[in-house]
Amino acid sequence: MTLFMLIYAENLDNALAPTYLTIRSGTAAEFNKQIMDLLKKIEHKLNAEDDFLSIMKKQPGNTKLENYLSDLSIFMAKDGELTYPVLMNLMVCHEKNQQPVIYARDLTWKKLFGGVNYLTENGTTYSHHHLLEAGLLRRADGGFLILPVSELIHNPMLWFKLKNTLDSGQLDWENPIELSTNLVPFFNPEETPINVKVILVGTYIEIASLYNIDPLCSKAFYLRTDITTFFPVKEQGANFLGYLESLAEFHKYLPLNQEAATRLLRFSCRLAENQNEFVLDEKELTNLICEASGLAGRRGLQEITGEIIETTLKNREYRINLSEESSTNFFRDKQMLLQTNGEVIGQINGLSVISTFTEDFEYGEPTRITATIHSGGDGDISDVEHKADLAGQIHTKAMMIINGYLTNTFGRDESIPVSANLVFEQSYNEIDGDSASLTGLCAILSAMAHKPIRQTLSLTGSLDQLGNVQPVGGLNEKIEGFYRICKIQGFTGTQGVIIPASNKNSLILSDEVVEAVKNGQFHIYTVTKVDEAIELLTGVKAGLIEGRTLANNLQEEGNAPENQENESQETIYNIIRNYLDDLSENNEIKIRKSGFFARIFGKN
């Protein structure tokens with residue numbers, strides 16, 4: 001592809017309408033010398049034909065330039081005077097055969113499309129071709145211009161102008177702001193042909209917003225692609241290590257040895273929350289390597305080692321973990337109440353993640369969740385966080401899912417004659433997410449069955465209405481958060497966390513926690529159903545609730561299977577079922593006693 005450089009020159013017929021010319025890329029210096037020689041000879045009435053031919057030999061096929069130089073020769077020969085002493089303005093210059101790639105930010109009309117600048121002298125405002133500003137769209141001619149969609153959303157006029165320009169292939173010098181002021185009437189530089197590939201980058205939401213602004217914008221897109229920063233370790237791990245090496249070399253940092261590169265790969269896997277994938281965050285990696293390189297250099301090392309990377313990560317965390325240290329002090333001083341030993345009915349340890357203001361640091365913090373039961377109502381759950389406007393929409397949805405599970409499990413035939421209060425204790429900020437739905441349900445089941453929950457365990461997990469435990473985010477921070485509190489209050493060898501089985505690949509824990517698990521000091525349990533979680537928490541079998549009506553019918557006929565659970569067996573679900581049946585029966589007796597005829601005749 002032949003690249004051209006853009007020149008604006010004085011229009012010999014109309015000084016208020018500068019004209020554009022193009023020359024081949026990489027010939028600017030030579031063209032400047034040739035044009036100066038040509039002008040000198042014309043000025044001194046010398047034969048300049050050889051100079052003219054020499055110029056056109058370097059710019060073959062450029063008819064517009066050829067015609068302009070011919071007109072210029074005639075104009076100068078007739079003693080024509082130029083309005084501005086410098087004939088041409090080289091506005092856009094490209095290296096030879098090197099396509100420009102420009103990433104644009106902080107867009108304004110003039111920055112993107114160029115514009116006309118003005119001067120004022122003695123009360124007169126004027127402009128000329130040397131006061132023209134090219135703009136990024138002209139500078140990217142023959143190459144690529146990368147634009148963030150977010151910038152176009154905030155200024156839709158830019159998008160519509162850009163789309164019309166690309167459709168027509170011509171870029172004018174109009175500015176909607178200047179049209180109303182009319183600074184220099186009739187000053188109208190010639191339109192510039194545009195040959196550029198525009199790449200729009202943005203999130204799904206940003207692109208959808210652009211569609212809302214202009215429903216026809218899809219017709220302007222030649223193709224669309226999704227770009228991911230997540231890569232499989234097995235297939236791309238070796239390439240990642242090579243990428244780190246090139247990154248250090250490009251920025252002139254110390255080289256990384258194999259141990260350091262592997263440690264950064266583990267760090268990237270943790271960012272991705274996946275043992276089998278890593279995320280490519282160039283800014284984050286560059287900052288880490290830069291700091292590690294400086295630390296290694298101060299220690300007199302010739303390369304970055306794994307120990308240097310580990311120290312860098314610890315130093316980085318130390319600088320920004322003030323909120324985590326404050327949290328630790330609250331738990332140590334018993335300002336935040338949380339038990340990591342003993343058993344309590346209706347009380348459970350949940351796991352949450354706290355993000356700092358800039359979200360560059362997250363840490364786990366356990367939360368004490370309590371549930372109480374009272375008779376009456378329709379089996380509804382009173383979510384105190386929601387009523388106090390301290391809960392987000394996803395959290396509210398999670399509470400509804402808990403209610404749906406309880407209704408599906410215990411209220412198929414008739415409404416549940418109890419209601420529950422659920423509280424996130426000592427929580428004073430807004431909470432959101434559904435990762436506490438398993439935790440909240442287990443607390444309610446404990447309260448309904450009147451069976452205590454082991455406070456040595458903490459758990460997290462999303463839930464569906466059928467009792468399936470679903471994966472959650474921030475798992476490593478949550479586990480390390482509970483480990484931190486257990487370490488403060490003293491290990492008993494029975495403490496641990498319950499996590500969704502589908503989250504096993506998300507485990508990329510700190511070396512300290514991994515070692516504690518290996519030594520049996522700390523435990524990690526995985527569950528797929530709420531039944532498994534409640535059994536671990538209470539030590540009582542959950543029991544079978546599915547198909548209960550059919551089983552009862554078979555027992556009445558004497559055809560119950562041998563392995564069918566006995567109704568009197570002490571399981572969580574049987575205890576709750578019997579409790580609810582007793583409540584229903586008592587409520588019916590109360591209703592009969594308070595009936596109209598009972599009050600008149602004094603009969604039950």
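**Close-up views of a predicted model**

**View 1. Pairing of strands β1 and β2.** Over 6 bridges, strand β1 (residues 4–9) pairs with β2 in the antiparallel sense. The model shown here and in the other views is predicted. One of the residue pairs links alanine 9 to threonine 19, its bridge partner in β2.

**View 2. The open sheet containing β1.** The sheet has 3 strands in the order β2-β1-β3, and the pairing is antiparallel. Both β2 (19–24) and β3 (88–92) are edge strands with a single partner strand each, so one side of each has no neighbour in the sheet. From one strand to the next, the twist averages 35°. Strands of a sheet pair through backbone hydrogen bonds, in either a parallel or an antiparallel way.

**View 3. Helix α1 on the sheet.** Helix α1, residues 28–43, lies across β1, β2 and β3. Relative to β3, helix α1 runs at about 170°.

**View 4. Packing of helices α10 and α12.** Helix α10 (residues 233–250) packs against helix α12 (residues 282–298) at an angle of about 60°, and their axes are 11 Å apart. The two helices are therefore oblique to each other. The crossing of α10 past α12 is right-handed. On the α10 side, the contact is made by Phe240, Tyr243, Leu244, Leu247 and Ala248. On the α12 side, Glu282, Leu285, Thr286 and Ile289 take part.

**View 5. The largest nonpolar core.** This core has 43 residues, and those with the most contacts inside it are Leu406, Leu438, Cys442, Ile444 and Val530. The elements giving two or more residues to the core include the strands β17 (362–375), β19 (418–424) and β21 (457–459). Also among them are the helices α16 (393–410), α17 (437–449), α20 (530–538) and α22 (572–593). Helix α17 supplies the largest share, 9 residues.

**View 6. Surroundings of leucine 406.** Leaving aside residues up to four places away in sequence, leucine 406 touches Ile381, Gly411, Ile416, Leu441, Ile444, Leu445 and Met448.

**View 7. The whole protein, for orientation.** The protein has 604 residues, of which 44% count as buried. It contains 23 helices and 25 strands. Of the contacts between residues at least 6 apart in sequence, 73% join residues at least 24 apart.

Methods. Residues numbered from 1 in each chain as written. Predicted model: local features only at pLDDT ≥ 70, side-chain atom pairs only at ≥ 80, totals over all residues. Heavy atoms only, no water. Core = buried A, V, L, I, M, F, W, Y, C linked by side-chain atoms within 4.5 Å. Buried < 20%, exposed > 50% of the residue type's maximum accessible area, 1.4 Å probe, protein only. Helix = DSSP H or I, 4+ residues; strand = E, 2+ residues; numbered from the N terminus. Contact = heavy atoms within 4.5 Å. Pairing = 2+ DSSP bridges. Axes fitted to C-alpha atoms, helices over the stretch in contact; angles between N-to-C directions. Parallel < 35°, antiparallel > 145°, perpendicular 65-115°, else oblique. Left-handed = near helix turned anticlockwise from the far one by under 90°.
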